[in-house]
Amino acid sequence: MDGGNALHRNREWPATGLPQARVTAAVVAKGLAETGIDAMALGGHDWWLGTEFVQALVREHSLPILAANLTCDGTAPFPGGVVVERGALRFAVVGVTTGEPQGCEVGDPRVLAESALAGLGEVDVAVLLAPEGEAALEAWGASQSAFDLVVVGDSDIPSTTSVPWGDGWRVQSGSRGKQVGVATIEPVSGGHGLTRTGEGATPTAGAHVLSTRLIALAEALREDPDIAAIVADGKVRIAETEAAPARPIDSVARRVASGSAYAGRDTCAGCHAQADAQWQTTSHAHAWTTLDAAGRGLDRSCVGCHVTGWEQDGGPQEPAAIGAFRDVQCEVCHGPSAAHVADPATIKPVRSPSVTVCTTCHDGERDGGQFDAETYMPRIHHGHAE
Ligand code: HEC
Ligand code: HEC
Ligand code: HEC
Ligand code: HEC
């Protein structure tokens, strides 16, 4: 099951990103349908794709959406809950939605989820799918909940462990589809509710026993030919959507059009040969090529950290416009420097960029948590000996 916001994860995207986001959502939908998923919720980030688009995608792939608090045109488009049997246990799964789907109404998640749950009859474990945990769970406040387990889609809580929520537990498997969470429930005869094992947990007697772990999804799926085919097709369609020629970027000089606040690395090289020579030895000099080799050179969810000035004033706003901005160039760290180029003696860029510049990209998540300032900083130094 999925807690929501699997189709799209960032409603702050500029509207120009919509076509590509829809292609990606279709890839995710097809992949999820392929896995035989039992239940999923929709969140506010998903709805950014457009109500009609989302509803059509759900129909096309028969996605098992649950939305107890959603009404569109006076009727509920999706069931609120479903009973799923696994081994000796009966699970009630109820989903709620968040956000502002156009043309629909989002009702009180708590009242409607609990009434959907009551409608499912006797079960052993009650599960709630809650997108954007804080937004969906606010309605419960500090009061007790009828749910034993909450699966949160897209939230800031750490992804590795289950955390207490009322009498039950709250889990999430991290963002960007990097991991899948596995909840194993050991039934106890005549048991009621869930207790947790593992680090720091004091099990409660008479409750079914919950343990959770995470699996890296890329590893788990790499072997699957059907999923691989869906992803490969998605990459082709993203390139088509961005209407970029087959080799759009490598053939373009790094020279940036005049009028931009950026000057481009070719311009710097003429006066800062030593810094440039050092830069060329770093992997920043081929960061876009690395991405492109992975078939993601035009992917809006990737390019931001593999190019220069993405979505900044004077920088590229579209994947097809990356051209001269490919790779992690000088101005990523030193700031846009066209003014300095025009008047080097009086206008100076940032001389010594700090580690906070690095961690905008080496963010501890997307980079696999490999960043270590002490070893990484010396590897990019190109100043005079200090
Ligand atoms: C026309 C030559 C020229 C070009 C082109 C040029 N610079 Fe400079 N840059 C200079 C000079 C001259 C200095 C001052 C050197 C000094 O004071 O030792 C300087 C200083 C710097 C400094 C140090 C600032 C300081 O406060 O000491 C940085 C960083 C820098 N440039 C980055 C860049 C970047 C990035 C580019 C390309 C966008 C670039 N420069 C293009 C000539 C140039
Ligand atoms: C938040 C910034 C950020 C985003 C977004 C991002 N990357 Fe990266 N990526 C990095 C950083 C930083 C490294 C270097 C990590 C290191 O070596 O310490 C990296 C390295 C890589 C590498 C080379 C190392 C490796 O892991 O094999 C590949 C390939 C890559 N990224 C692909 C992608 C793809 C595909 C996407 C989009 C799905 C993406 N990146 C999105 C920051 C980002
Ligand atoms: C715009 C995003 C961005 C910023 C800002 C950035 N990096 Fe990177 N960095 C990357 C990407 C992407 C890669 C991987 C490139 C590749 O493998 O092709 C990388 C790779 C590296 C590597 C090589 C890692 C390896 O094992 O191959 C080092 C070292 C590094 N960065 C240090 C730094 C430092 C230090 C800073 C700050 C002063 C910094 N980076 C700022 C995106 C960034
Ligand atoms: C990943 C971040 C990063 C990138 C990319 C980067 N620099 Fe730097 N640069 C630094 C840092 C940090 C310092 C200060 C420490 C040092 O001296 O190396 C610096 C220092 C400098 C200085 C001042 C050196 C001195 O001794 O006066 C110049 C000039 C400079 N960089 C030019 C460039 C040019 C040109 C490029 C592109 C070819 C570039 N930098 C790319 C991070 C970066």
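How exposed is H362, buried or partly exposed? H362 is partly exposed, because its relative accessibility is 24% (buried means under 20% relative accessible area, exposed over 50%, partly exposed in between, with a 1.4 Å probe and protein chains only).

## Basis of the model

This is a predicted model, in which local features need pLDDT of at least 70, side-chain atom pairs count only at pLDDT 80 or more, and totals for chains, interfaces and linings use all residues. Residues are numbered from 1 along each chain as its sequence is written, chains are lettered from A and ligands numbered from 1 in the order in which they are written, and side-chain values use heavy atoms, with hydrogens and water left out.

## The iron of ligand 3

Donors are N, O and S atoms within 2.8 Å of the metal (3.2 Å for Na, K and Ca); water is not among the atoms, so sites may look incomplete. Six donors count as octahedral if opposite donors are over 155 degrees apart and all others between 65 and 115. The ideal angles for six octahedral donors are 90 or 180 degrees.

Helices are DSSP runs (H or I, at least four residues), numbered from the N terminus. H284 is partly exposed because its relative accessibility is 21%.

## The shell around ligand 3

Ligand 3 is surrounded by 18 residues, each with a heavy atom within 4 Å. The closest are H284, T290, C358, C361 and H362. By type, the shell holds 10 nonpolar, 7 polar and 1 charged. Ala, Val, Leu, Ile, Met, Phe, Trp, Tyr, Cys and Pro count as nonpolar, Asp, Glu, Lys and Arg as charged, and the others, Gly among them, as polar.

A polar side-chain atom of T290 lies 2.4 Å from an oxygen atom of ligand 3. Helices α10, α13 and α14 each give two or more residues to the shell. α14 gives the most, with 4 residues.

## The iron of ligand 1

H272 and H340 coordinate the iron atom of ligand 1 through NE2, at 2.0 Å. This site is octahedral too, with angles of 88 to 178 degrees among 6 donor atoms. H272 lies in the loop between α8 (265–269) and α9, and H340 in helix α12 (residues 338–342), 68 residues apart.

H272 is partly exposed, with a relative accessible area of 43%. H340 is buried, at 14%.

Note on methods. Polar contact = N/O pair within 3.5 Å; in protein donor to acceptor, adjacent residues only side chain to side chain. Tetrahedral: all angles 85-135°; square planar, octahedral: opposite > 155°, others 65-115°.
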